[in-house]
Structures are given as structure tokens and as C-alpha cells.
Amino acid sequence: MRHPHGTAWTFGLGVLAWILAVPCTYGQAPQEPEGYRLKDYRAATPATLEGATVIDTGEAEALWRKGGAAFIDVLPQPERPANLPHRILWHPPSHESIPGAMWLPNVGFGEIAPETEAYFRNGLAVASHGASSHVLVFFCQRDCWMSWNAAKRALSYRYSAVYWYPEGTDGWKAAGLPLEKAEKGP
């Protein structure tokens, strides 16, 4: 016996049943990976970072205004365009960051070279004044895994007061807070 609404109607019911059976993940943060994020760094980030304190813009501003916390910007430094002739002088574009932040570019990749790791460890030692309990606030831009990776790496170095600010400079700017030209850290 044929359904009075035809096969399109029954097909539509089948699709609807499938949609309702699949859990909705749109708008939800992804789960924390076991290790570091190794690619697609500009994507939705987890809502958590085990061992770290996740903060929003209001909390980041309060820490910044109070003083004492080291803000660590890990946005990568732009590379020289591959098709630019070598005889042409190239200056990377300027980068705006939270005032007083230390910019440690390229330390947020999932895999880093030994030289980059040494640079990161040195930068953290300077920012923390050698105290593993010094508050370190890691950030990049919104939906950027670089800061998540860098904060996770700092935890592996036994820093105990690691804060992750996932909204980064995007959230800071949207709140009308000041930015300044960043200079590369030590």
C-alpha cells in the first residue's frame, strides 16, 4: 500500500529521523586532544585545558589591570612570501598585542624544533622571573590552537599558574581594550 503523501514524504521522514539521531555538535567546542594540535590551527578550540585556568576577556582584563601576570602572545610571525624576489627588502607586517605582553612567535605549533623550544623555555623563564608559580597568561587570536598548544607545553615544563585566554587579541579588541605594537621577546 502506497502512502498518501508519496515517496518524497517517506524519504523526508527518513532524513529527519537521521538528523534527530545524530548528536548536534554545531557550536560546541571540540574535545581536548591527548597531545598537541598538529595542523589546522585556525579552528574552534576546546573549552578546557586540563591543568590550566581558562579565562574570558573580563578575567584577562582584571589580571592585566592588577599587574604581575605575564601575558604571553604566541601568534606566529608571518613568513616572507615565497614568490617575493630575494632582492626585494621585506618587512613583516606589524602585530598588535595586549600592552606589556611578551610576543614569543612560533612556539605554539604542535611540533617545534629544539631551537624553538629553547627560545620558548628562555622566554618563559624571563617572563616568570624564574618562578614556576608565576601567573602566565597565554593567548593568540580567537579560534587559534597556538595558545592552547603553548599553554599545554608550559604545563609540561611544570609551570603551575598557567592561564589560557582563548579569545585573545580578537576578544580584547572587541571589548574596546587597548592594543600596542608587539616586539619579539628574548
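**Aromatic pairs and the sheet**

In this predicted model, the ring-pair rule gives 8 aromatic pairs. Under that rule, rings of Phe, Tyr and Trp (its six-membered ring) pair if their centres lie within 6.5 Å; planes under 30 degrees apart are stacked, over 60 edge-to-face, and the rest tilted.

Let me start with one of these pairs. Phe-120 and Phe-138 have ring centres 6.3 Å apart and planes at 70°, so they count as edge-to-face. Phe-120 belongs to helix α3 (residues 114-127) and Phe-138 to strand β5 (residues 136-139), so the pair ties together parts 18 residues apart in sequence. Helices (H or I, at least four residues) and strands (E, at least two) are DSSP runs, numbered from the N terminus. Both Phe-120 and Phe-138 are buried, where buried means under 20% relative accessible area, exposed over 50%, and partly exposed in between (1.4 Å probe, protein chains only).

Phe-120 also pairs with Tyr-157; this pair is tilted, at 5.8 Å centre to centre and 55° between the planes. Tyr-157 sits in the loop between α4 (145-156) and β6 (162-165), 37 residues from Phe-120. Tyr-157 is buried too.

What sits over the ring of Tyr-157? The charged end of Arg-121 does, 3.7 Å from the ring centre. The rule for this asks that NZ of Lys or CZ of Arg is within 6 Å of the ring centre and within 35 degrees of the ring normal.

Now the sheet. It is open, has 5 strands in the order β1-β6-β5-β2-β4, and its pairing is parallel. Two strands pair if DSSP finds at least two bridges between them. β1 (53-54) and β4 (102-103) stand at the edges with a single partner strand each, so one side of each has no neighbour in the sheet.

How many bridges join β5 to β6? There are 4, and the two strands run parallel. Val-137 has Tyr-163 in β6 as its bridge partner, and Thr-53 has Tyr-163 as its bridge partner as well. Phe-139 stands opposite Tyr-165 in β6. Phe-139 and Tyr-165 also belong to one aromatic cluster with Trp-64, Phe-71 and Trp-172.

Finally, a note on how this was done. Residues are numbered from 1 along each chain as its sequence is written, and side-chain values use heavy atoms, with hydrogens and water left out. Local features need pLDDT of at least 70 and side-chain atom pairs count only at pLDDT 80 or more, while totals for chains, interfaces and linings use all residues.
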